[in-house]
Amino acid sequence: MVVLKTGRELSIMKEACRISAGALQVIRDAVEPGITTAELDRIAEKYILSQGAVPNFKNYQGYPATACISVNNEVIHGIPSEKRKLVSGDIVSVDLGAVFNGYHGDNAATFAVGDISDEAKRLIDTTRESLYEAIRMACPGNRIGDIGYAVQKYVEDRGYSVVRQFVGHGIGTHLHEAPEVPNFGTPGRGIRLLPGMTLAIEPMINIGKGDVKIMPDGWTVLTKDGSLSAHFEHTVAMTPDGPQIMTVV
Ligand code: MF3
Ligand code: CO
């Protein structure tokens with residue numbers, strides 16, 4: 001069931017989203033060659049707690065950390081580790097969120113570590129832009145398929161692949177709510193978007209094929225062909241005036 005939020009609910013959720021975006025920003029500022037993904041995770045957790053919120057991924061279905069931190073050919077759900085030191089040339093996808101007064105925020109971005117290749121830069125730019133193409137379609141009256149098509153068209157036109165095995169989602173009093181928000185689709189298909197709907201839109205894009213596999217840790221999702229992958233996510237509210245990005249600082 002898709003839950004529509006009232007204005008009062010949206011204002012609480014905006015606070016959860018603001019904290020989620022702030023945590024992503026402190027990580028962006030901390031990313032540099034030599035730092036471990038476990039250190040980045042601690043920085044995010046400390047920030048979220050300092051804002052009176054709680055990391056919403058921690059303990060979710062047994063997930064052990066605040067952030068998912070995925071490097072290079074890791075797509076999503078990388079578990080922060082003391083052993084994983086970032087080096088110049090890596091790209092690092094960070095996904096995290098916060099729950100505040102019962103409402104969730106969720107966002108993600110891929111960052112460059114030191115100097116990265118032009119190929120990696122182009123992947124990051126294309127993935128970020130595909131998210132904004134999708135958000136532009138997140139208007140009342142449009143349908144879920146319009147969002148997915150916007151991502152798919154933008155990235156496939158540039159020679160990249162959409163990961164289809166994982167999707168975006170509704171979000172509110174739960175981290176994951178209906179509906180699913182695939183990053184592929186057919187214009188005019190799927191459920192209609194209504195004012196008060198809140199969606200986490202999150203394209204996961206590979207340079208190579210879209211196929212993925214899961215590591216023996218049960219969490220980390222990798223590209224099957226070893227190619228680089230990027231991930232961007234915003235929590236977005238459908239309003240009568242159009243899409244409102246909630247995960248902003
Ligand atoms: N950030 C993921 C999403 O956007 C959820 C991560 S699963 C978790 O849906 F277990 F790590 F929380
Ligand atoms: Co999400």
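User: What makes strand 7 and strand 8 a pair?
Analyst: Strand 7 (residues 168-170) and strand 8 share 3 bridges in the antiparallel sense, and two strands pair if DSSP finds at least two bridges between them. Strands here are DSSP runs (E, at least two residues), and helices are runs of H or I with at least four, both numbered from the N terminus. Within this pair, Gly168 stands opposite Val181 in strand 8. This is a predicted model, where local features need pLDDT of at least 70 and side-chain atom pairs count only at pLDDT 80 or more, while totals for chains, interfaces and linings use all residues. Residues are numbered from 1 along each chain as written, chains are lettered from A and ligands numbered from 1 in written order, and side-chain values use heavy atoms, without hydrogens and water.

User: Why do strand 8 and strand 15 stand at the edges?
Analyst: The open antiparallel sheet has the order 8-7-9-14-15. Strand 8 (177-181) and strand 15 (242-245) each have a single partner strand, so one side of each lacks a neighbour in the sheet.

User: Why is His169 called buried?
Analyst: His169 has 5% relative accessibility, so it counts as buried. Buried means under 20% relative accessible area, exposed over 50%, partly exposed in between (1.4 Å probe, protein chains only). Glu202, at 6%, therefore counts as buried too.
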